[in-house]
Amino acid sequence: MPDTDTLERPGTQAATGLRVDRDTLLTAVRAVRQTVERRNTIPILSNVLLRVENGLLTICASDLDHWSRRQIAYEGQPIDTTVEAERLLTAIDTLRPGAIDIGYLHGALTIKQGRSTRKLMTMPSTDFPVSKAMADSTGFAIDAAPLLRVLETARVCVSQEETRYYLCGVFLHIEDSHLIAASTDGHRVVQVKHPAPVGSEGMPDSIIGTKAVSLICAMLADLPEGSQVEVSINDKGFAVSAGRASIAGKLVDATYPQYRRVLRFDHASTLEIQSTEWDRSIRAAGSASDGKTRAVRLELDGGRCEAIGSAADGGRSIEPMDGSYNGPEIVTGVNLIYAQSIAKIFGPTPKLSIGFGSQAPDLIMITSDDRPGVIAGVMPMRA
């Protein structure tokens with residue numbers, strides 16, 4: 001056997017090459033990778049774009065409906081190519097913190113750090129889909145923290161049924177000097193109000209899809225405290241940007257239903273209860289469930305508040321609730337999963353005001369003392 005090492009290694013004489021910080025690049029690739037669909041029939045959509053623009057390295061991913069971009073500082077020569085997102089992420093993740101050198105030659109991307117070398121095959125950037133420029137859009141600035149809170153709250157009730165695609169997203173509109181975000185899946189509904197940012201007047205009613213909301217929330221959560229974001233919306237698409245990060249995409253092309261027709265405030269009775277106690281009671285009553293029966297029975301009168309759960313095999317759980325009820329004796333039921341999700345909207349500390357209508361199908365309305373801009377509701381069920 002020959003004494004020399006005959007293992008072929010990636011070439012080091014790259015026509016173009018740049019240097020970036022490994023952790024910074026890793027964070028950017030992880031962020032945009034969320035846009036990439038794991039299963040698709042178009043190979044270029046499995047790739048991320050690496051392109052130098054305006055003196056920064058842009059990392060971009062797309063699924064043809066959304067575009068996620070992050071920009072980071074670099075040193076060296078420009079680059080313009082695409083590489084498979086998962087392989088790039090793995091290649092960077094297995095390197096140590098510090099500077100890494102990226103070279104591009106003859107359709108191959110070479111990543112080097114000391115003696116560590118990775119070679120990844122590429123596809124031309126000309127194949128990568130380009131997002132359309134926003135035209136005739138309404139633009140405004142808003143603090144990242146309240147926007148994140150609005151979207152995180154509103155998306156709790158987004159539908160997962162693709163047959164009703166118009167419910168698969170958060171509905172945004174401007175009314176009475178407020179930015180209103182809402183969602184419903186037909187069983188639950190939530191509406192969140194926030195003072196309308198300056199410049200948002202005239203914003204068209206918009207449905208931001210489930211995936212887009214997740215991407216925006218992930219971006220907002222990564223921003224430093226006190227950050228502001230720029231939002232642009234027209235009748236077809238949206239763009240949200242902050243510093244070197246941006247998300248753009250298409251809106252859901254549909255008309256959102258009149259969800260507020262079920263929001264009634266003429267309650268026949270009201271239960272005042274701490275959010276943690278409501279959640280605990282519902283979970284305790286649901287402990288007897290076999291997974292098939294998700295209904296929790298509520299029995300309420302002036303001196304008794306109980307949550308009762310049962311199973312098809314005869315299992316049963318009775319849990320008293322430490323709350324104050326005002327109204328006539330009622331017996332109703334709620335889906336324990338939906339009831340718990342509504343409680344989480346308000347957090348663990350506030351007192352909930354739960355209103356019950358006079359008719360059996362009336363929506364059970366929930367508000368809290370510390371989030372006056374949030375209204376939630378859950379449909380009653382037999383229990």
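Strands (E, at least two residues) and helices (H or I, at least four) are DSSP runs, numbered from the N terminus, and two strands pair if DSSP finds at least two bridges between them. The model is predicted: local features need pLDDT of at least 70, side-chain atom pairs count only at pLDDT 80 or more, and totals for chains, interfaces and linings use all residues. Residues are numbered from 1 along each chain as its sequence is written.

Strands E11 and E12 run antiparallel and are joined by 5 bridges; Ile174 stands opposite Leu179 in E12. The two strands form a hairpin with 2 residues between them, and Asp176 in the turn has a positive phi of about 50°. Strand E12 is also joined to E13, antiparallel, by 7 bridges, with Ala182 opposite Gln191 in E13. In this second hairpin 3 residues lie between the strands, and Gly186 takes a positive phi near 90°. Of the 7 residues of E12, 6 are buried (under 20% relative accessible area, with exposed over 50% and partly exposed in between; 1.4 Å probe, protein chains only).

These strands belong to an open sheet of 9 strands with antiparallel pairing, in the order E14-E11-E12-E13-E26-E25-E24-E18-E22. The edge strands, E14 (206-209) and E22 (323-326), each pair on one side only. Strands E25 (residues 364-368) and E26 (residues 374-378) are joined by 3 bridges, and Met365 has Gly377 in E26 as its bridge partner.

Helix H4 (residues 210-222) packs on the sheet and touches E11 and E14, where contact means heavy atoms within 4.5 Å.

Conventions
Side-chain values use heavy atoms; hydrogens and water are left out. Axes are lines fitted to C-alpha atoms, for helices over the stretch in contact, and angles run from 0 to 180 degrees between N-to-C directions.
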